[in-house]
Amino acid sequence: MEFPKTNHFDKELVRSKIMGPNTLKLTEELMDGANVPMGSVVLDLGSGCGISSAMLAREYGLITYAADLWSDPSDNMRFLECLGLTNREVVPIKADAANLPFAHDFFDAVVSIDSYNYFGREPGYLQSSLLPYVKSGGQIYLAIPGMVRDCHEDLPACLLESWTPDQLEFMHDMDWWSALFEQSSGVEIVDMHEMACTAEAWADWIACDNDYARGDRAAVQAGALDYLNTIAVMLRKL
């Protein structure tokens with residue numbers, strides 16, 4: 001695939017900031033199918049170090065709130081400033097996805113890259129904990145790490161090269177996610193599909209020189225991507 005927006009970022013910088021499959025490539029593929037006007041106010045939920053937020057602000061012209069529970073907002077702001085961004089373009093916030101500190105109907109859209117499966121698996125989460133903060137007609141764009149088919153009852157050996165069964169419980173297939181979203185009122189599923197960049201995004205990640213990437217490398221090299229995918233989801237609040 002071609003990633004012109006991703007290529008605007010220094011490759012070494014990207015390697016130092018991604019925390020899993022290449023966040024920028026996932027964001028670019030997801031957002032290139034989106035319809036979010038420049039100047040929209042967007043929540044980047046589970047934003048990590050803020051590199052996805054930097055792309056949303058710099059490449060798509062979105063006013064982005066970078067909400068993450070585990071990263072330091074001050075560190076993230078310094079990183080964003082190094083990219084030429086200001087707090088009028090990206091606002092880093094330490095926030096729990098289950099208890100968001102925003103006014104209702106605040107966001108035009110929500111984006112979540114490679115993180116929704118950690119906090120969004122409970123049946124009531126979408127309706128009770130996220131939708132109230134999205135304007136009517138607003139859209140939610142998710143890139144969810146998933147499985148081609150749920151295989152928890154008979155996990156392939158290649159997946160267990162890097163991850164425990166408990167860790168793999170965070171991963172589900174498209175049918176599982178569709179059934180979960182259908183339980184929520186006030187939202188419609190506009191589109192769900194497998195993302196094309198999964199293998200490339202994973203290759204970028206396991207090429208990184210850090211303990212987490214090295215830990216994932218064994219499973220990927222043993223054939224894990226025959227069983228794993230990334231699920232693109234577009235929802236609309238009614």
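These legends walk through several views of one predicted protein model.

Local features are described where pLDDT is at least 70 and side-chain atom pairs where pLDDT is 80 or more, while totals for chains, interfaces and linings use all residues. Residues are numbered from 1 along each chain as its sequence is written, and side-chain values use heavy atoms, with hydrogens and water left out.

View 1. Helices (H or I, at least four residues) and strands (E, at least two) are DSSP runs, numbered from the N terminus. The C-alpha trace spans about 45 × 40 × 30 Å along its principal axes. A compact globule of 238 residues would have a radius of gyration near 18 Å, and the 17 Å of this chain agrees with that. That radius is taken over C-alpha atoms, and the globule rule is 2.2 Å times the number of residues to the power 0.38. Buried residues make up 53% of the 238; buried means under 20% relative accessible area, exposed over 50%, and partly exposed in between (1.4 Å probe, protein chains only).

**View 2. Here is the largest nonpolar core, with 52 residues.** A nonpolar core is a set of buried Ala, Val, Leu, Ile, Met, Phe, Trp, Tyr and Cys residues joined through side-chain atoms within 4.5 Å. Leu-30, Val-111, Met-147, Leu-159 and Trp-163 touch the most other members. Elements that give two or more residues include α2 (23–31), α3 (51–60), β4 (107–113) and β5 (134–147). Helix α3 gives the most, with six residues. Apart from this core lies another one, of 29 residues, among them Leu-45, Ile-144, Trp-177 and Leu-180.

**View 3. Val-111 and the residues it touches are shown here.** Not counting residues up to four places away in sequence, the partners of Val-111 include Leu-30, Val-42, Leu-56 and Tyr-141. Contact means heavy atoms within 4.5 Å.

**View 4. Tyr-133 sits in the loop between α6 (125–130) and β5.** Tyr-133 counts as buried because its relative accessibility is 11%. Leaving aside neighbours within four places in sequence, Tyr-133 is in contact with Leu-100, Phe-102, Ala-103, His-104, Asp-105, Phe-106 and Phe-107. Look across to Ala-224, 91 residues apart from Tyr-133 along the chain: their C-alpha atoms are separated by 36 Å.

**View 5. Ser-178 lies in helix α8 (residues 174–182).** With 18% relative accessibility, Ser-178 counts as buried. Leaving aside neighbours within four places in sequence, Ser-178 is in contact with Ile-189 and Met-192.
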